[in-house]
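Biologist: I would like a close look at one part of this model. Please keep it brisk and give the cut-offs as you go.

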Amino acid sequence: MAGDEPQSPDLPPLLLLRKPIAFLLSSLSTRFHLLKPWESPLPLPAFLSAHATTVQALLITGLAPVTAVILDSLPSLGCIVTTSVGVDHIDLLECARRGVAVANAGSVFSDDAADYAVGLLIDVLRRISAADGYLRQGLWTLAGDFPLGSKLSGKRIGIIGLGSIGSRVAKRLEAFSCTISYNSLTMKPSVPYKFYPNVCDLASNNDALIVCCALTSKTHHIINKEVLSALGKQGIIINIGRGALVDEEELIKCLMNGDIKGAGLDVFKNEPLVPKELFSMKNVVLSSHSAVNTEENILDLYQLIIANFEAFFSGTPLISPVSA
Amino acid sequence: METLGVLLTFPMNPYLEEELDRRCNLFRLWESPPESRREFLRAHAGSIRAVVGNATCGADADTIDALPKLEIISSFSVGLDKIDLEKCRQRGIRVTNTPDVLTEDTADLAIGLAISVLRRIPQADRYVRSGSWKSKGDYKLTNKFSGKTVGIIGLGRIGMAVAKRAEAFDCPISYHSRSEKPGTNYKYYSTVVDLAANSQVLIVACALTPETRHIVNREVMDALGPKGVLINIGRGPHVDEAELVKALVEGRLGGAGIDVFEQEPHVPEELFGLENVVLLPHVGSGTVETRKEMADLVLGNLEAHCTNKPLLTPVI
């Protein structure tokens, strides 16, 4: 039937929901019998029904949502692998209920994400993007020297979420003589940084907050009006987590009123829609959910995806499992 | 200090200017049009005993010659390339600069530039602001910074600070200097070409002297190569700018993050359309915090000179 590769049926079947980039597709097709709904004339629910008994493995690309409805149509499903680190697009409770194991990108992206967070922070403080634009518009000759930025070295940085990414951000900023403190679900006794159980306290004791945590029901709008107020007029927010970690409307109000100093934002509430108020602001740096998008990561990621599925099909533990 | 006649060469810092005006007898060089500079200096030569210059406008041989009463040049910079040091030695003129206080800012910027170039941060920002994320999808894949081999030209205060920061990104560090430095684990290369051939990110952090002019030339850029990135936080003349433009336009050099240019504020326009460069208007020490510290150091040196105390940061 259309949507099935005309290849060896001995290869274990692997379902995808969305068409991934060609390179990933070809890497997978030599190892798995790919089920590709986008090549079928059937609507998705019918396609899923048609393969209900054979599909044990599902690859999620592009943050395609996995809901209870999709899980219902795949009763034989045993394993989901997502190409992302974040798993907020997957109903983990429903997966756990049905015994479906979930794996993500592990720490493949962690260095890149940490680099990007630091890059955004330096850019906001030292106004790199703004100064580059100033120069390219010819203003250095016309309007004189660019206005002064703010020093990074020695500043107090609060990290929200001290996992794989947050701990790498901390390590990097320590080399800039920054003082690191953090908020996390639980305190980590083995790290030398000060723990603040309350995010507002973290905000009032730091010059910048870097949001690196996962989006869950507990962390939705973890950066809210109170936190922004506690951060204060000299404060900076860097968000490389998920848009919904920050109350976006409040953030924009604070930026417009000068209640915080600036922001570096890689993620937004309704990507790819970005509130247009941000477009004219000189104290923000924006990017298109790119914190992990490097060429170097891609090969590592594909190897990890394949290794996870191969582990599943051979009955061994997943390489980068996620728990509910 | 009220009787100290100070020539300020450039409106470099409002706080510094106010303090000099308040505490000394201040002459502002830029108030006279360039054609009448000579007359301006002649008119005030009897009073001017100090010059405060910066990276844009210092004290060259002509200026020093025009000021027979000159006792001290206090530079609002750590770089001394705009001061005729030999003349100062001959005349017994003291010279001070602003080391240490700007080391961190400059090193921070070097790393910021490296990440910005490799990850295309300014380009991504413009991409989002133009509405392209909505119409064309995510910005393309960029290149990783962590783990790249970093080669540093000049392992002085700033070079060491750059190395310390880059190490936190797991970057192997190597360097070229006039001589090998004991006490570091970094790999030494006796030529800049060898350093460039073995680095993915090459960072210029040395002083500008006649020997280091165009230290990054075509050969070095070719050795750095089509995937290599050049970061210049030193002085414009460290890099052969015409060759830099050609190398970038022709794809022989992968990218560049440049804070300094040969004829500031003029920047070759061929660079403006390139996606693989980040261009900054000499902001290496350009933070509120550091410029205040630099200004206080300049004032402190002048004060020490006037009260016959040891200069704070003498060069000569």
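How far is the sulfur of A:Cys178 from the closest cysteine sulfur, and which residue holds that sulfur?

Modeller: The distance is 14 Å, and the closest cysteine sulfur belongs to A:Cys212. That is too far for a bond, because a disulfide is a pair of cysteine sulfur atoms within 2.5 Å.

Two notes on conventions come next. This is a predicted model, where local features need pLDDT of at least 70 and side-chain atom pairs count only at pLDDT 80 or more, while totals for chains, interfaces and linings use all residues. Residues are numbered from 1 along each chain as its sequence is written, chains are lettered from A and ligands numbered from 1 in the order in which they are written, and side-chain values use heavy atoms, with hydrogens and water left out.

Back to the cysteines. A search of the whole structure finds 0 disulfides over all chains. B:Cys171 is in no disulfide either. For B:Cys171 the nearest cysteine sulfur is that of A:Cys178, 17 Å away. A:Cys178 is buried, at 8% relative accessible area. B:Cys171 is buried too, at 5%. Buried means under 20% relative accessible area, exposed over 50%, and partly exposed in between, with a 1.4 Å probe and protein chains only.

Helices are DSSP runs of H or I with at least four residues, strands are E runs of at least two, and both are numbered from the N terminus.

One more site is in chain A. A:Ser184 sits in the loop between strand E7 (179-183) and strand E8 (194-195). A:Ser184 is buried, with a relative accessible area of 14%. Beyond four places in sequence, A:Ser184 is in contact with A:Gly161, A:Leu162 and A:Phe195.

Methods. Contact means heavy atoms within 4.5 Å.
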